[in-house]
Structure formats: structure tokens, C-alpha cells
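Subject: Structure for your review

Dear colleague,

Please find below the structure that I am handing over to you. I would be grateful if you would read the notes after it with the model open.

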Amino acid sequence: LIKLCLDIGRLHLQDKIDDNFDSYDITKRFAKYAEVIHLWNVKVSNNLENGHFPVLPDLDPDEGWADTEKYLKIIRQENKTCKILFEHRSDLITDEELESCYSWVNRILSEHGND
């Protein structure tokens, strides 16, 4: 049995630079095969900023950040057993922000665990 890794930061980046790529569709199609989710954020505008940045609730997708909540909702609907690997640079934020990151992700996954 083959299992996949979905990398949210890379999916978001590809979505922003390739008009023929729909990261949400790819996530929906392949989440059921995922064993692990690499979770980190990146801001994509005219250039790349803050690679491997922790996912935080106040990072606005309209400003180029990944819509982490949307990705996680799709993943949780398709796969209730995959593991989340926080693949971020925690040194870029405060301890309080890091706690906010973990709490927020846990809340999203808990709310959508029984959809």
C-alpha cells in the first residue's frame, strides 16, 4: 500500500505560479491517500517571502499566504487518520504565536473531524 505526503506550502506555491494547477482540487483528490501532511506557510506575491513560516490564523490569503484553514478542512473531510508534521521555522515567531498556531490547527481539525 502506497501512502503520500501532501506539502501545503509547496501546493500553495505551485498554485500561485502555475495557472493550470488547482491546489485545492489536488488536495481533495489525493488527501485520502496521504499518510502525512507537511504544514507550513509561505507568502507568494511578486516574490516569495517567509518560506516555512508557521501557519497562523491571522495570515491573510488575500495578501498571498496559503489558506491553511481551507486546506485542512479539505484534508479532514477526506482523511481522518493522516498525521500533521509542522514543518515550519518556529524561531520566526514568539512562543505565544507558536502556541496559537498549534491551538488553531487542533481546533480546525477537531471541528471537522466528524464531517
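This is a predicted model: local features need pLDDT of at least 70, side-chain atom pairs count only at pLDDT 80 or more; totals for chains, interfaces and linings use all residues.

Overall fold. The chain contains four helices and five strands, arranged along the sequence in the pattern β-α-α-β-β-β-α-β-α. Its radius of gyration is 14 Å, close to the 13 Å that the globule rule gives for 115 residues, so the chain is as compact as a globular protein of that length. Taken along the principal axes, the C-alpha atoms fill a box of roughly 35 × 35 × 25 Å. Of the 115 residues, 39% count as buried. Among the contacts with a separation of 6 or more, 72% are between residues 24 or more positions apart.

Helix H1. This helix spans residues 8-17, and its buried residues are Ile8, Gly9, Leu11 and His12. These four lie on the same side of H1, because they cover an arc of only 165° around the axis. Arg10 and Ile17, on the other side of the helix, are exposed.

Nonpolar core. The largest nonpolar core has 25 residues, and the members that touch the most others are Ile8, Ile37 and Val105. At least two residues of this core come from each of H1, S2, H3 and helix H4 (95-111). H4 supplies the largest share, six residues. Leaving aside residues up to four places away in sequence, isoleucine 8 touches Ile37, His38, Leu39, Trp40, Tyr71 and Ile75.

Hairpin. S3 and S4, the latter covering residues 48-53, pair in the antiparallel sense over three bridges. The two strands form a hairpin with three residues between them. Within this pairing, asparagine 41 stands opposite phenylalanine 53 in S4.

With kind regards

How values were computed: Residues are numbered from 1 along each chain as its sequence is written. Side-chain values use heavy atoms; hydrogens and water are left out. Buried means under 20% relative accessible area, exposed over 50%, partly exposed in between (1.4 Å probe, protein chains only). The arc is that of the directions from the helix axis to the C-beta atoms. A nonpolar core is a set of buried Ala, Val, Leu, Ile, Met, Phe, Trp, Tyr and Cys residues joined through side-chain atoms within 4.5 Å. Contact means heavy atoms within 4.5 Å. Two strands pair if DSSP finds at least two bridges between them. The radius of gyration is taken over C-alpha atoms; the globule rule is 2.2 Å times the number of residues to the power 0.38.
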